[in-house]
Amino acid sequence: MPGIRGPSEYSQEPPRHPALRINAKEPFNAEPPRSALVSSYVTPVDFFYKRNHGPIPIVDDIERYCVSITGLIDHPKQLFMKDVWNLPKYTVTATLQCAGNRRTAMSKTKTVKGVGWDVAALGNAVWGGAKLADVLELVGIPKLTSATPSGGKHVEFVSIDKCKEENGGPYKASIPLSQATNPLADVLLAYEMNGETLNRDHGYPLRVVVPGIIGARSVKWLDSINIIAEECQGFFMQKDYKMFPPSVNWENINWSTRKPQMDFPVQCAICSLEDSNIVKPGKITIKGYAVSGGGRGIERVDVSIDGGKTWLEASRFQKAGIPYDADDDSSSDKWAWVFFEVITEVPQNAEIVAKAVDIAANVQPENVENIWNLRGILNTSWHRVHVRVGHSNM
């Protein structure tokens, strides 16, 4: 592609915040301290989790950079940044979550394969860019289209970055055309994050943001868009990020028996406390995030200080001073997480538990054992931390 200096190497990686917990160096994968997540409704760019499958590409000629739009369409196009900038700009507040968030806890039940994420492989940002529905109109695909006359039913996003899982080829993923052409789905070709130009870690100069589904489909460093008849056949659509039952292992797995994971289930985690804590006598603050896929609001978050025997209903909020309405489908924050908080005294030794319920009455499962899967994705079991009241030696 014009404007790309490559191939990029790991030695050319950008600088990162020193507080990040590095889960893998090559490719670079890192998450912030969990406490940083609940310090701001909009996650600062430095503390937004970093998920990569190869060296980060370098695009150094923005005027020559372009995205090819091809496939089962009548009017293929080379999309330059000026074309994107000339389209109406939208901002969408959306939480992106890695499908492997909380994988480390699942691995304690039985070893799984994948990056060892704690509870912070997600973040909430204000994304700015053009709606994909508007972009596709430039190549003759009207809004609310489920199939092109030539039989295109899926939109494939191909990245600049190369990864070993694709035998040195590009990372890629797809979504249904019906979703891509629906303006209410808020799928963006984003060039801004939190009001600033995307940085290299997060997809400069152009990335896809698909709200409400796992982050693996929000392809960074966009190279091309292909209108195809079937879903993407790339590795990360066909041989990864699929949900299998606990009975499936690496000896009997058949990838073709499951569809690619798209939506993510209701999830919450406590961020004001670590897995094990010593706290002073008196009331403590239990605070965290809750989020559900598909733009479903959070109906409630239940918190227990006795391991799940009794429950307290937490307060819920997004922006300070603005009441949260879980059923407001028109809200500009419908794709974003919700913070919850309980202030209470705890017993001398306490197991604190949190679970969320979304507006469709989906609730987090109690035990991780029941949802264990060999790739360690979608650990949405009750989140548990332990607290002892006493005095630290520190």
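Tutor: A residue is buried when its relative accessible area is under 20%, and exposed when that area is over 50%. The model here is a predicted one.

Student: What makes β14 mostly covered?
Tutor: Six of the seven residues in β14 are buried.

Student: How do you know that β5 and β14 pair, and in which sense?
Tutor: Pairing requires at least two bridges between the strands. Strand β5 (residues 66-71) and strand β14 (residues 222-228) are joined by four bridges, so they count as paired, and the sense is parallel. Along this pair, S68 is placed opposite S224 in β14, and T70 opposite N226 in β14.

Student: What makes β9 a partner of β14?
Tutor: Six bridges join β9 to β14, and the requirement is at least two, so β9 and β14 are paired. Their sense is antiparallel, with H154 opposite I228 in β14.

Student: Why is the pairing in the five-stranded sheet called mixed?
Tutor: Strands of a sheet can pair either parallel or antiparallel, through backbone hydrogen bonds. In this sheet β5 and β14 run parallel, whereas β9 and β14 run antiparallel. The order of the open sheet is β6-β5-β14-β9-β10.

Student: Why are β6 and β10 called edge strands?
Tutor: β6 (77-80) and β10 (170-176) each pair on one side only. From one strand to the next, the twist averages 20°.

Student: Is C232 buried or exposed?
Tutor: Its relative accessible area is 0%, under the 20% limit, so C232 is buried. C66 has a value of 7% and is therefore buried as well.

Student: Why is R34 called buried?
Tutor: R34 has 4% relative accessibility, and the limit is 20%, so R34 counts as buried. R34 sits in helix α1 (residues 34-37). Apart from neighbours within four places in sequence, the residues in contact with R34 include D118, I270, E274, D275 and H383.

Student: What makes the phi of L144 worth a remark?
Tutor: The phi of L144 is positive, about 60°, although L144 is not a glycine. L144 belongs to the loop between α4 (132-137) and β9 (154-162).

Student: Which other leucine has a positive phi?
Tutor: L378, with phi near 55°. That residue lies in the loop between β22 (349-358) and β23 (383-389).

Student: How do you know which of these leucines is buried or exposed?
Tutor: L144 has a relative accessible area of 65%, over the 50% limit, so L144 is exposed. For L378 the value is 8%, under 20%, so L378 is buried.

Student: Where are cis peptide bonds found?
Tutor: The bond from E26 to P27 is cis, with omega near -5°. P27 is in the loop between β2 (21-24) and β3 (29-31). The bond joining Y204 and P205 is also cis, with omega about 10°, and P205 is in the loop between β12 (196-197) and β13 (207-209).

Notes: Residues numbered from 1 in each chain as written. Predicted model: local features only at pLDDT ≥ 70, side-chain atom pairs only at ≥ 80, totals over all residues. Heavy atoms only, no water. Buried < 20%, exposed > 50% of the residue type's maximum accessible area, 1.4 Å probe, protein only. Contact = heavy atoms within 4.5 Å. Axes fitted to C-alpha atoms, helices over the stretch in contact; angles between N-to-C directions.
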